[in-house]
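I wanted to know where this protein leaves open space. My notes on its pockets follow.

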Amino acid sequence: MKKKELKFRITVYLAVVAFVFISLFSRLFYLQILQNQQFKQQSESNRTRLIKIPAKRGDILDSKGEVFATSKPVFSILYTPAEGHSIEEIAEKISKITKNPADTPENIAEIVRTHPRKYAPVEIARVPWGENAWEVISEIEEKRLELPGISIEEYPLRYYPHNELAGHILGYVGKINDKELEENSKYNYDLQDWIGKTGIERFTELLRYEDNRVIGLKGKDGVRQVEVDARNRKIKELITIPPTPGYDSVLTIDMDLQRALEESLDRVIEDIKKSNPKAEAGGGIVLDVNTGAVLAAASRPAINPNDFVDGSYSGKKDYYNDPVIKPLFDRVFQGTYPPGSTYKPITGMAALEAGINPNEKVLCRGSYWRPPYIRCWSVHGSVDFYSALAGSCNVYFQ
């Protein structure tokens, strides 16, 4: 090989080596110097997680301070999506651990797939406080290496200690939907939040005071920043901002009177069903005649607000969606009825002011003897003003 040709090859080789090293150093300079801040932020975001701490909802109390609705602790199983992990496989394992009919692998996978924030923690299951809870939590901790992205947090769960008592009045809570999220966007709701759907739970969700201060059942959520490893396991807690509980709501309802009304309504319906088997529904209300305050109100068929938060709804959805009996329809506050006999006291007062003799007798044979011959609900016989008002006699007031 000629000396000149060898020198040329060495020159080319050195040029290639120099080009490679210059490229490497240029790339390192770009990554470590020019993009240092950006990658540092990405690294920090991968290393840390912000976990919301839901605020405890305010309690709902009766007029004497007895608790109608409160909250109890529940374990929330969260999943943070990560590259290289199959949610289907994890969902299968979680479903076998919780043994909850609602926690099917399909349901869990669908929750993750439809969650709009792809790399934010999403709740895939809940485990109510109790003996079974410790078994579930222990098994998840034992299988932590098989469940990447899974974490467990303790949250407050709405609880109604008296079950069906005052169910329609209290209403119930549920996961917020897209429409509710849009309507309440200024109140910092999240897709994982629960919101009042009906009754007191809904209408006192965000009560405001004169200074625009929120005093409703919904509290202010806190946040916890934690450091995690590559498997999304918590290493240590960095910063915690505690939540602010919601305000309690005190009703005019008297719990003892409410219970007596509901028991009486149930007895009346059962008695009527003996002659009319189709009788399923009814309603009753007790008002303070001096103030108009509602002391008790009951609608039948009944609802149990716990069914909408503890997972029982799936097994009772046929009952709640029955198009005939319509349990979710509040017959006291949502129903519209002709005034009927409730107007008789007004008619009676007008008659007394006109000078009628309240002791004068009228004979009720079961219908009025002149057109339009409106029937009375019973045959009352000879009645005066007082007995007619007590018996709600149609003939007398006509």
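**Pocket notes**

I started with the second largest pocket: its lining residues divide into 15 nonpolar, nine polar and seven charged. My classes: Ala, Val, Leu, Ile, Met, Phe, Trp, Tyr, Cys and Pro are nonpolar, Asp, Glu, Lys and Arg are charged, and the others, Gly among them, are polar.

I'm working on a predicted model, where local features need pLDDT of at least 70, side-chain atom pairs count only at pLDDT 80 or more, and totals for chains, interfaces and linings use all residues. Residues are numbered from 1 along each chain as its sequence is written, and side-chain values use heavy atoms, with hydrogens and water left out.

I noted what a pocket is: on a 1 Å grid over the protein atoms alone, an open set of points where a 1.4 Å probe fits, with protein on both sides within 12 Å along at least five of seven lines; lining residues have an atom within 4 Å of a point. Volume is the space filled by probe spheres set on the points, which are joined across faces, edges and corners.

This second pocket comes to about 890 Å³. Among its 31 lining residues, Ala 102, Ile 111, Glu 123, Lys 175 and Trp 194 lie nearest its centre. Strand S4 gives the largest share, six residues. (Strands are DSSP E runs of at least two residues, numbered from the N terminus.)

Next I looked up the largest pocket, about 1200 Å³. It has 48 lining residues, with Lys 52, Pro 54, Asp 190, Asp 193 and Asp 221 closest to its centre. Here S1 supplies the largest share, five residues.

Conventions: Helix = DSSP H or I, 4+ residues; strand = E, 2+ residues; numbered from the N terminus.
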